[in-house]
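Good morning, colleagues. Please turn to the model on the screen, and I shall take you through a few of its packing arrangements.

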Amino acid sequence: MNQATAHHLTTIENTNCSSMATQPTVFTDIYQDHINIAVWQRNLTLELTQEIALFLEQNPTFRKAISLSPETALAELDLATQRKLPRSLLENIAQLIDMFCCLFDINEVGLRLTALNSAMCPRFHVDHIPCRLVTTFHGTASQWLPNDKVDRTKLGHGNNGLPDDASGLYQQESDIAQLSCGDVALFKGEAWAGNENLGIVHRSPVTSPTETRLLMTLDFC
């Protein structure tokens, strides 16, 4: 067993259904029944971080949704965004599309790349999809609740009109886990076979009015 594999195994947390590692091989853990979030903990390069910050200064309301295939993702996204995206960001996105399609043996993926100045989904919720890739390229990253820290009866109408921090959905602020900027997470949803009532509970982070995030998601088409 090599060092990376050993580290990978020691970071699997069965009780809260998460698996985290500094290698992208962690993504295969999403196929384990007890795992509903797999996180590749990665650091973005300084060059990429600076280029994204400049891009957001020039394009603070940027939004793009498009279906792409791994073979032509880089060229098609470059063209569809009128060549606004930094080359390093295009290459990073194309790599993630290739990984996602390879992992799930699919030929096409639905991409959303959005600059956000407010929380897109401020309340904790589950997604009724098989699986979604989520990464924050700039700004504060997404939050989630481990399975053993959440009362799912308080989701949606079960909150009785109360905010999440008062409904009983979770007990204390320390129950909330948070991704880091650059992390790439697979969120297993309610539509994954055998995962009914076990979709990862997550939300957009609380941010300051002056912060701009750059969020990307990949979905099955």
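Which hand does the crossing of α2 and α4 have, left-handed or right-handed? The crossing of α2 and α4 is left-handed, a term used where the near helix is turned anticlockwise from the far one by less than a right angle, with right-handed used if clockwise.

First, a word on the source. This is a predicted model, in which local features need pLDDT of at least 70 and side-chain atom pairs count only at pLDDT 80 or more, while totals for chains, interfaces and linings use all residues. Residues are numbered from 1 along each chain as its sequence is written, and side-chain values use heavy atoms, leaving out hydrogens and water.

Helices (H or I, at least four residues) and strands (E, at least two) are DSSP runs, numbered from the N terminus. Helix α2, residues 46-58, packs against helix α4, residues 87-104, at an angle of about 110°, with the axes 9 Å apart. Axes here are lines fitted to C-alpha atoms, for helices over the stretch in contact, and angles run from 0 to 180 degrees between N-to-C directions. The two helices are therefore roughly perpendicular; that label covers 65 to 115 degrees, with under 35 being roughly parallel, over 145 roughly antiparallel and the rest oblique.

Where do they touch? Leu48, Glu51 and Ile52 of α2 meet Ser88, Leu89 and Asn92 of α4, contact meaning heavy atoms within 4.5 Å.

Helix α3, residues 73-80, also packs with α4, at about 130° and with axes 9 Å apart. Therefore α3 and α4 are oblique to each other, and their crossing is right-handed. On the α3 side, Ala73, Leu74, Leu77 and Asp78 take part, meeting α4 residues that include Arg87, Leu90 and Ile97.

I turn next to the strands. Three of them form an open sheet in the order β8-β7-β10, with antiparallel pairing. Because β8 (177-178) and β10 (201-203) stand at the edges with a single partner strand each, one side of each is left without a neighbour in the sheet. Strand β7, residues 143-145, pairs with β8 over two bridges, and pairing requires that DSSP find at least two bridges. Within that pair, Gln143 stands opposite Gln178.

Finally, His125 is found in the loop between β5 (109-116) and β6 (131-138). Leaving aside neighbours within four places in sequence, His125 is in contact with Leu155, Ile200, Val201, His202 and Arg203.
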